[in-house]
Structures are given as structure tokens and as C-alpha cells.
Amino acid sequence: VGQPLAFENMQSRPVRGNTDWSSYVIELPVAEEADKIYFGAILVGSGQIWVDDFQVESLGKSLAGDHLKLRLRNLPTRPLNLDFEL
């Protein structure tokens, strides 16, 4: 099992108290050797958390090259279960 190449959990900018529906963005570079992206939501303390419509988007360089095609051929063509309803 490899080590995380990048990590962000919004600890430096937590959402606190009661809030209306809002959009939050986390941007991280994805190293070429990355083979998984994990994402989700964490509730610290008591209360409820509601999440909906996660999005994963590419903001930069596209993947290219035969070595990457071999690694990517068995992956889904799009993110799955973004609404956590499966």
C-alpha cells in the first residue's frame, strides 16, 4: 500500500455551525504515479452533515502516453457514486 501523494481535509477552513447549502472546492495536484483518488466528507463532533453532488474535474494537463493508457484501461470513464446513494 502506497503513501498518499496529496491530502486536503479543509482543517484550515472548517465549516462550522448551521449553514445553508454551499459549494466548497478543494484543488490538489494529481501526480502521474497516482492510481486512486479518494474523496468524501467527515463530521467532527455532534450534529448532522448533508452532502450532495460531489464533482471531480480535471483543471489542467490531460493524461497521455502508452504507459498511462495501460494503467487506465480498466478504470471507469467517469467518477462513480458522487451522490453516495448506491
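Modeller: Residues are numbered from 1 along each chain as its sequence is written. The model is predicted, so local features need pLDDT of at least 70 and side-chain atom pairs count only at pLDDT 80 or more, while totals for chains, interfaces and linings use all residues; side-chain values use heavy atoms, with hydrogens and water left out.

Colleague: Why is the pair of Phe39 and Phe54 called tilted?

Modeller: A search of the whole structure finds 1 aromatic pair. The ring centres of Phe39 and Phe54 are 5.5 Å apart and the planes stand at 50°. Rings of Phe, Tyr and Trp (its six-membered ring) pair if their centres lie within 6.5 Å; planes under 30 degrees apart are stacked, over 60 edge-to-face, and the rest tilted. The pair of Phe39 and Phe54 is therefore tilted.

Colleague: What makes Phe39 partly exposed?

Modeller: The relative accessibility of Phe39 is 35%. Buried means under 20% relative accessible area, exposed over 50%, and partly exposed in between (1.4 Å probe, protein chains only). Phe39 therefore counts as partly exposed, and so does Val51, also at 35%.

Colleague: Which residues gather in the patch of negative charge?

Modeller: Asp52, Asp53, Asp83 and Glu85 do. Asp and Glu count as negative and Lys and Arg as positive, with His and the chain ends not counted; the charge is placed at NZ of Lys, CZ of Arg, CG of Asp or CD of Glu. Asp83 has a relative accessible area of 31% and is partly exposed.

Colleague: Where does Asp83 lie relative to Phe54?

Modeller: They are 29 residues apart in sequence and 6.3 Å apart in space, C-alpha to C-alpha.

Colleague: Are Met10 and Asp53 buried or exposed?

Modeller: Met10, at 13% relative accessibility, counts as buried, whereas Asp53, at 53%, counts as exposed. Phi is positive in both, near 60° for Met10 and near 55° for Asp53. Most residues other than glycine have a negative phi.

Key
Patches are made of residues with over 30% relative accessible area and no salt bridge: like charges are joined within 9 Å, nonpolar side chains (Val, Leu, Ile, Met, Phe, Trp, Tyr) within 5 Å. Accessible areas come from the Shrake-Rupley method with a 1.4 Å probe; for residues, only the protein chains shown count as cover. A salt bridge is a side-chain nitrogen of Lys or Arg within 4 Å of a carboxyl oxygen of Asp or Glu.
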